[in-house]
Amino acid sequence: MRDKIMEYAAVEEAAAKFVKSVAEGNSEYAKDLFTSDAVLFGMLDGVLEHGSIEQFYHNVDTVGAGDNFKARIDVLAVEETVAVVRVLEEGWGGRIDFTDFLLLLKLDGEWKCVAKAYNQNSNTIKK
């Protein structure tokens, strides 16, 4: 069952921690969003990244977002205890555009991300 509109705002607020970490190059905000056993899947410059969310933290902490970084959060679905969020990123690291999908669960009354899957726009792949 679709949740109330006010819950969409709570999910967006949770996902904003992801964007803030990326924008500032500081994984601490995202560490409050992701569960300790969250997983990551995606292709970065044609190479599969998969496994622990720690890889995302490493990427955030070692690559600055860039001066022209932009992001948009779209809450796609909120179904009582599960939510799906799409985050559009432009200019990460000064060159990469991503579409991220975050899967969140409501755990102990708080929205937490358990999985991140992403696509790197093909025109930003470094060969």
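What we have here is a predicted model. The strands in question are β3, residues 70–79, and β4, residues 82–92, and they pair in the antiparallel sense over 9 bridges. Their hairpin has 2 residues between the strands, and in it glutamate 80 takes a positive phi near 65°.

Now follow β4 onward. β4 is joined to strand β5, residues 96–107, by 9 bridges, and the two run antiparallel. Valine 82 turns up again here, standing opposite leucine 105 in β5. This second hairpin has 3 residues between the strands, and glycine 93 takes a positive phi near 65°.

Next, the helix. How far apart are the end C-alpha atoms of α1? Helix α1 covers residues 5–24, which is 20 residues, and at 1.5 Å a residue it should span 28 Å; the end C-alpha atoms are 29 Å apart, so the two values agree. Just after α1, glycine 25 has a positive phi of about 65°.

Several residues of α1 are buried, among them Tyr8, Val11, Ala14, Phe18 and Val22. Residues three or four places apart on an α-helix point the same way, because there are 3.6 residues a turn.

Take leucine 104 by itself. Leaving out residues up to four places away in sequence, leucine 104 touches Ala14, Leu33 and Trp111, among others, and also Val82 and Val85.

Last, two aspartates. Most residues other than glycine have a negative phi. Aspartate 45 is not a glycine, yet has a positive phi of about 50°. Aspartate 45 sits in the loop between β1 and β2 (47–52). Aspartate 108 also has a positive phi, near 50°, and lies in the loop between β5 and β6.

Are these aspartates buried or exposed? Aspartate 45 has a relative accessible area of 22%, so it counts as partly exposed, the cut-off for buried being under 20%. Aspartate 108 counts as exposed because its relative accessibility is 85%, and exposed means over 50%.

Conventions:
Residues are numbered from 1 along each chain as its sequence is written. This is a predicted model: local features need pLDDT of at least 70, side-chain atom pairs count only at pLDDT 80 or more; totals for chains, interfaces and linings use all residues. Side-chain values use heavy atoms; hydrogens and water are left out. Two strands pair if DSSP finds at least two bridges between them. Helices (H or I, at least four residues) and strands (E, at least two) are DSSP runs, numbered from the N terminus. The expected span of a helix is 1.5 Å times one less than its number of residues. Buried means under 20% relative accessible area, exposed over 50%, partly exposed in between (1.4 Å probe, protein chains only). Contact means heavy atoms within 4.5 Å.
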